Amino acid sequence: MSVTVRVPAKVNVQLAVGPLRPDGFHDLANVFLAVGLYDVVTVTAADELRVTCSGPDADKVPLDPSNLAARAALALAARHGREANVHIHIEKDIPVAGGMAGGSADGAAALVACDELWGTGASREELLEICAELGSDVPFSLVGGAALGRGRGELLTPVETGGSFWWVFAVADGGLSTPAVYGECDRLRGDAFVPAPDPSPELMEALRTGDAVALAGAVANDLQAAAVSLRPSLAETLTAGTEAGALAAMVSGSGPTTAFLVSDEAEAEKVAEALRASGTCRAVRVAAGPVPGATVTVG
Ligand code: C5P
């Protein structure tokens, strides 16, 4: 018996980063949008916990117990007094270590899949609690859509959206470590005063009305300068997308994937083609959001 869950990637339309907290995290105003690039996670009853992965970048995915999907299965099993004896297979399509919550997505998907396979019947609240223990971005992978994340990003409130937004994603060579990017952000800030992070009212209004041009004027990522500092070649990718006519060009989360907001699907294909031709990235993907979070497809 097996259960399959499809789970989307995310882009942060606003990532406002507050001061470093004593616990090593940063308070955020993090506006997530789930976009239609998916990993598919299948769990099957087995003799022991095992993780496998397929897809073009499968070799970059850790298959040891540090994998968030394995950690999700272990966390749910521990809470319900059972063994986590499952084979977890990940069909990987979300860029690995790319700032699109690929690992978090697999964690949320494995949690939902194991809950279904084992008939645990965990409440939504319990699932969200486990997600928050696994990582700051994991709760959003569960809920999907559009949401504001406060705290370290795990305290979610849904955000109203008035339509679909089209994006082009330029996948860079190699990944960036999230802690390294936050560390670089702190280093670049030095002793400068850092205000408490707040969601932008203009951005919320643009999401509510489905206005891509207004959204383009309001997107902001406080981690962008740090990601570009660690990976200066990202500046060329951002310029290539802007020159191709994107409404907005930004680093996705902690990078190194770059995200380009466009007005519609036809424009997305045009910008995607220009980015492919620019030779400034490894791969280019087109996706729209919001889309739902982790969803059981085969039970
Ligand atoms: O929560 P997660 O495990 O994804 O976080 C990975 C790392 O990213 C943390 O150890 C921390 O260095 C950094 N981080 C942060 N502030 C946040 C979220 C993550 O500094 N709000």
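Start by selecting His 26 and the ligand: a polar side-chain atom of His 26 sits 2.6 Å from an oxygen atom of the ligand. That pair is a polar contact, meaning N or O atoms within 3.5 Å of each other. Before going on, know that this is a predicted model, in which local features need pLDDT of at least 70 and side-chain atom pairs count only at pLDDT 80 or more, while totals for chains, interfaces and linings use all residues. Residues are numbered from 1 along each chain as its sequence is written, and side-chain values use heavy atoms, with hydrogens and water left out.

Then pick Arg 152: here a polar backbone atom lies 3.0 Å from a nitrogen atom of the ligand. How much of the ligand does the protein cover? The answer is 75% of the 460 Å² of accessible area that the ligand has on its own (Shrake-Rupley method, 1.4 Å probe).

Next, show the whole shell, counting residues with a heavy atom within 4 Å of the ligand: Gly 24, Phe 25, His 26, Leu 28, Gly 135, Ser 136, Arg 152, Thr 178, Pro 179 and Tyr 182. Colour them by type and you get four nonpolar, five polar and one charged. In this scheme Ala, Val, Leu, Ile, Met, Phe, Trp, Tyr, Cys and Pro are nonpolar, Asp, Glu, Lys and Arg are charged, and the others, Gly among them, are polar.

Which elements give two or more residues to this shell? They are strand S2 (26-45) and helix H5 (178-189), and H5 brings the largest share, three residues. Helices (H or I, at least four residues) and strands (E, at least two) are DSSP runs, numbered from the N terminus.

**The N-terminal annotation**

Select residues 67-145, which an unreviewed UniProt entry annotates as "domain: GHMP kinase N-terminal". UniProt annotations may be inferred rather than shown by experiment. This span is 58% helix and 8% strand, and its end C-alpha atoms lie 24 Å apart.

Zoom in on Ala 97, in the loop between strand S4 (86-91) and helix H2 (102-118). Its phi is near 50°, a positive value in a residue other than glycine. Ala 101 is also in the loop between S4 and H2. The unreviewed UniProt entry places a "binding site" feature at residues including Ala 97, Gly 98 and Ala 101.

Move to residues 203-279, which the unreviewed UniProt entry labels "domain: GHMP kinase C-terminal". The chain here is 58% helix and 14% strand, with end C-alpha atoms 32 Å apart.

Look for Pro 256, in the loop between strand S9 (248-251) and strand S10 (258-262). The peptide bond from Gly 255 to Pro 256 is cis, with omega near 5°.

For the last stop, select Gly 289 and Pro 290, which are joined by a cis peptide bond with omega about 10°. Pro 290 is in the loop between strand S11 (283-289) and strand S12 (295-298).

Terms used: A polar contact is a pair of N or O atoms within 3.5 Å; within protein, one must be able to donate a hydrogen and the other to accept it, and residues adjacent in sequence count only if both atoms are side-chain atoms.
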